[in-house]
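I set out below what I looked up in this structure, entry by entry. The sequence and the model come before the notes.

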Amino acid sequence: MTEEWTILTSKRYLETRQEGYENLFNERLQSLKDIVIKNDELNTLKHESMNEIRAQLDKQALTFITEPSLKLIEQRVESLQKLVYIGLGVWLFLQLIIVSVLVFVFKL
């Protein structure tokens, strides 16, 4: 016995197909929702790690020397260089005087 298509059988067939498509649609929609949730979690982790890196860089930037501080240090180094050169000049002059005095004393 072959089953013929009637309005009732066509309706049942279409309703069955519709239920199958609705179930498939709901499953895929749920999987997309799960993917979006996981993506949000990953983005949150990514942003947290980026914020940690930013905080580390900000903390590290505090240890760097600034331009005005560098200029001040350069000025102090130059001042110390001048004092050292003056001290060396005085030492050489005193050495010359001491040697001259010693030579003069021992020649007498």
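This is a predicted model: local features need pLDDT of at least 70, side-chain atom pairs count only at pLDDT 80 or more; totals for chains, interfaces and linings use all residues.

Entry 1. Aromatic pairs

How many aromatic pairs does a search of the whole structure find? My search returned one aromatic pair. The partners are Trp 5 and Tyr 13, in an edge-to-face arrangement. Their ring centres lie 5.3 Å apart, and I recorded 80° between the planes. An angle over 60 degrees counts as edge-to-face, so the label follows from the 80°.

I then looked up the accessibility of both partners. Trp 5 has a relative accessible area of 60% and is exposed.

Entry 2. Overall form

I listed the secondary structure next and found two helices and zero strands. The radius of gyration is 45 Å, whereas the globule rule gives 13 Å for 108 residues; the protein is therefore more spread out than a compact globule. Along the principal axes, the C-alpha atoms fill a box of roughly 150 × 25 × 15 Å.

I also looked up the surface. The accessible surface comes to about 10,700 Å². Carbon and sulfur atoms account for 65% of that area. Of the 108 residues, 1% count as buried.

Entry 3. Thr 9

Is Thr 9 buried or exposed? I found a relative accessibility of 18% for Thr 9, which is under the 20% limit, so the residue counts as buried. Thr 9 is part of helix α1. The side chain of Thr 9 also makes a contact that I wrote down: it reaches the backbone nitrogen of Thr 6 at 2.6 Å.

Entry 4. Salt bridges

How many salt bridges does the structure hold? I counted two.

In one of them, the side chains of Glu 15 and Lys 11 meet at 3.9 Å, N to O. Why are these two residues separated by about one helical turn? They are four residues apart in helix α1, which spans residues 7-61, and that spacing is the reason. Glu 15, at 36%, counts as partly exposed. Lys 11 is likewise partly exposed, with a relative accessible area of 49%.

The other salt bridge joins the side chains of Lys 71 and Glu 67, with an N to O distance of 3.9 Å. Both residues lie in helix α2, four residues apart, about one turn of the helix. Lys 71 has a relative accessible area of 45% and is partly exposed.

Entry 5. Nonpolar surface patch

Which residues make the nonpolar surface patch of about 1,300 Å²? I listed Ile 86, Val 90, Phe 93, Leu 94, Ile 97, Ile 98, Val 101, Leu 102, Phe 104, Val 105, Phe 106 and Leu 108.

I took Leu 94 as one of these for a separate check. Leu 94 is found in helix α2, which covers residues 67-107. Its relative accessibility is 39%, so Leu 94 counts as partly exposed.

Note on methods: Residues are numbered from 1 along each chain as its sequence is written. Side-chain values use heavy atoms; hydrogens and water are left out. Patches are made of residues with over 30% relative accessible area and no salt bridge: like charges are joined within 9 Å, nonpolar side chains (Val, Leu, Ile, Met, Phe, Trp, Tyr) within 5 Å. Accessible areas come from the Shrake-Rupley method with a 1.4 Å probe; for residues, only the protein chains shown count as cover. A salt bridge is a side-chain nitrogen of Lys or Arg within 4 Å of a carboxyl oxygen of Asp or Glu. Buried means under 20% relative accessible area, exposed over 50%, partly exposed in between (1.4 Å probe, protein chains only). Rings of Phe, Tyr and Trp (its six-membered ring) pair if their centres lie within 6.5 Å; planes under 30 degrees apart count as stacked, over 60 as edge-to-face and the rest as tilted. The radius of gyration is taken over C-alpha atoms; the globule rule is 2.2 Å times the number of residues to the power 0.38. A polar contact is a pair of N or O atoms within 3.5 Å; within protein, one must be able to donate a hydrogen and the other to accept it, and residues adjacent in sequence count only if both atoms are side-chain atoms.
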